[in-house]
Amino acid sequence: MEHKEKVYNTAVEATLQVIGGKWKPVILFHLTFGKRRNSEFLSLIPKITQKMLTQHLRELEEEGIILRKTYNQVPPKVEYELTEYGWSLKEILHLMCRWGDTHIERKYGESAMVLEKPALEDPH
């Protein structure tokens, strides 16, 4: 067998290596609705720490999934947005949201709620 630098058992592993974890898919999901600033992420994802948000944003930027735009003004303004490559994740992120809604309803019924329910485009 030829030596490869990286070997995956399935391509799902490669996807999860880039967007996996508790917060990255949530960050990316919010970016499918437009540019966001640091403070917006902290409002949209109240349980994430500043340190974790910064770390995940840097990692996603390194992977070419998001773009960090810094504006030369006082006070400093920084916005994050999906790159063209990042936009290729929109469908899977929205499908994950739909699946999550179905799962919550199936498992918890009326005893659970989702605070953020954006209007998703119907894939059909």
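**Close-up views of a predicted model**

View 1. With a relative accessibility of 11%, Phe29 counts as buried (under 20% relative accessible area; exposed is over 50% and partly exposed in between, using a 1.4 Å probe and protein chains only). Phe33 is partly exposed, at 34%. Their rings pair edge-to-face, 5.2 Å centre to centre with 75 degrees between the planes (ring centres of Phe, Tyr or the six-membered ring of Trp within 6.5 Å; planes under 30 degrees apart are stacked, over 60 edge-to-face, the rest tilted). This is a predicted model, where local features need pLDDT of at least 70 and side-chain atom pairs 80 or more, while totals for chains, interfaces and linings use all residues. Numbering starts from 1 along each chain as its sequence is written, and side-chain values use heavy atoms, without hydrogens or water.

**View 2. The open sheet.** Three strands run in the order β1-β3-β2, paired antiparallel (strands are DSSP E runs of at least two residues, numbered from the N terminus; pairing takes at least two bridges). β1 and β2 (66-71) sit at the edges with a single partner strand each, so one side of each lacks a neighbour in the sheet. β2 and β3 (residues 77-82) share 6 bridges, and Thr70 stands opposite Val78 in β3.

**View 3. Arg36 in β1.** Arg36 belongs to strand β1 (residues 36-37) and counts as buried, at 16% relative accessibility. Beyond its neighbours within four places in sequence, Arg36 has contacts that include His30, Phe41, Val78 and Tyr80 (heavy atoms within 4.5 Å).

Key
Helices (H or I, at least four residues) and strands (E, at least two) are DSSP runs, numbered from the N terminus.
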